Amino acid sequence: IYRASFPNGNIRLHKFSSCATGLTPQPGFPVTVAAVTDVTCPVSGLDRCNLGGNILSSHTVAVDDTNANHVYAAYAENTAAGNENVIVRDSTNGGQTWPRAVTINGAATGRRFMPWVTTNGGEAFVAWYDRRAATPAANDLTEYFGGRARLDGGGNLVAGPEFKISQVVDPQCAAGWPSAPRSQNDSES
């Protein structure tokens, strides 16, 4: 999974044969998974942000552990100033089409970034950094949340309830920088 353009643009999936058969590109790929509006920068306390750093929308992909033709993709997407959602999309035909999407975070407003997806028992489990506890005076307060998505009996992609993974809210700026930051604007905003 990769970005076709930057910033903002299509997330694309490329598919290859196994290493045993030469890792050759598969016909019909790459395909577009979704058009994404990136997590906006800067993000307080992070010495990286999109162009020249990490892509905080962090598009990731995982194959369903119970069905190799069922593929999940997850990413964070900006919805408005100071708010992002974590989205899961799925494909039931080996990644050829991506017709369904669901937001897996709750309704609370907050910065969300760097989601990662894995599968277990046919469900997608996604964890991400979440800034819903941040305030204007402490805009770097960060927690770690998770959520999940699965197909219901009718073939609809549905989200389960989000859950909090971290036990405390951490200020990402509190530890300081062991060496000079790549971007002072990103790290000290």
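Strand 8 and strand 9 form a hairpin with 2 residues between them, and glycine 121 in the turn has a positive phi of about 60 degrees. The model is a predicted one, in which local features need pLDDT of at least 70, side-chain atom pairs count only at pLDDT 80 or more, and totals for chains, interfaces and linings use all residues. Residues are numbered from 1 along each chain as its sequence is written, and side-chain values use heavy atoms, with hydrogens and water left out. Strands (E, at least two residues) are DSSP runs numbered from the N terminus, and two strands are taken to pair if DSSP finds at least two bridges between them.

Strand 8 (residues 112–120) is joined to strand 9 by 7 bridges, and the two run antiparallel. Within this pair, valine 117 has valine 126 of strand 9 as its bridge partner. Strand 8 also contains methionine 114, which has a positive phi of about 55 degrees although it is not a glycine. Methionine 114 counts as buried, at 13% relative accessibility; buried means under 20% relative accessible area, exposed over 50%, and partly exposed in between, with a 1.4 Å probe and protein chains only. In strand 9 (residues 123–130), 6 of the 8 residues are buried.

Strand 9 also pairs with strand 10 (residues 141–151), in the antiparallel sense and over 7 bridges. Here tyrosine 129 has tyrosine 144 of strand 10 as its bridge partner. The backbone nitrogen of tyrosine 144 lies 3.0 Å from a polar atom of the side chain of serine 166. Serine 166 is located in the loop between strand 12 (163–164) and strand 13 (170–171). With its neighbours within four places in sequence left aside, serine 166 is in contact (heavy atoms within 4.5 Å) with Glu143 and Tyr144. Serine 166 has a relative accessibility of 17% and therefore counts as buried.

An open sheet is formed by 4 strands in the order 4-5-6-7, with antiparallel pairing. Strand 4 (60–63) and strand 7 (100–103) stand at the edges with a single partner strand each, so one side of each has no neighbour in the sheet. The twist averages 30 degrees from one strand to the next. Strand 4 and strand 5 (residues 71–80) run antiparallel and are joined by 4 bridges; valine 61 stands opposite alanine 73 in strand 5.

Serine 58, in the loop between strand 3 and strand 4, has a positive phi of about 45 degrees although it is not a glycine. Serine 58 is buried, with a relative accessible area of 8%. The peptide bond from phenylalanine 29 to proline 30 is cis, with omega near 10 degrees, and proline 30 lies in the loop between strand 2 (9–13) and strand 3 (31–36).

Conventions. Polar contact = N/O pair within 3.5 Å; in protein donor to acceptor, adjacent residues only side chain to side chain. Axes fitted to C-alpha atoms, helices over the stretch in contact; angles between N-to-C directions.
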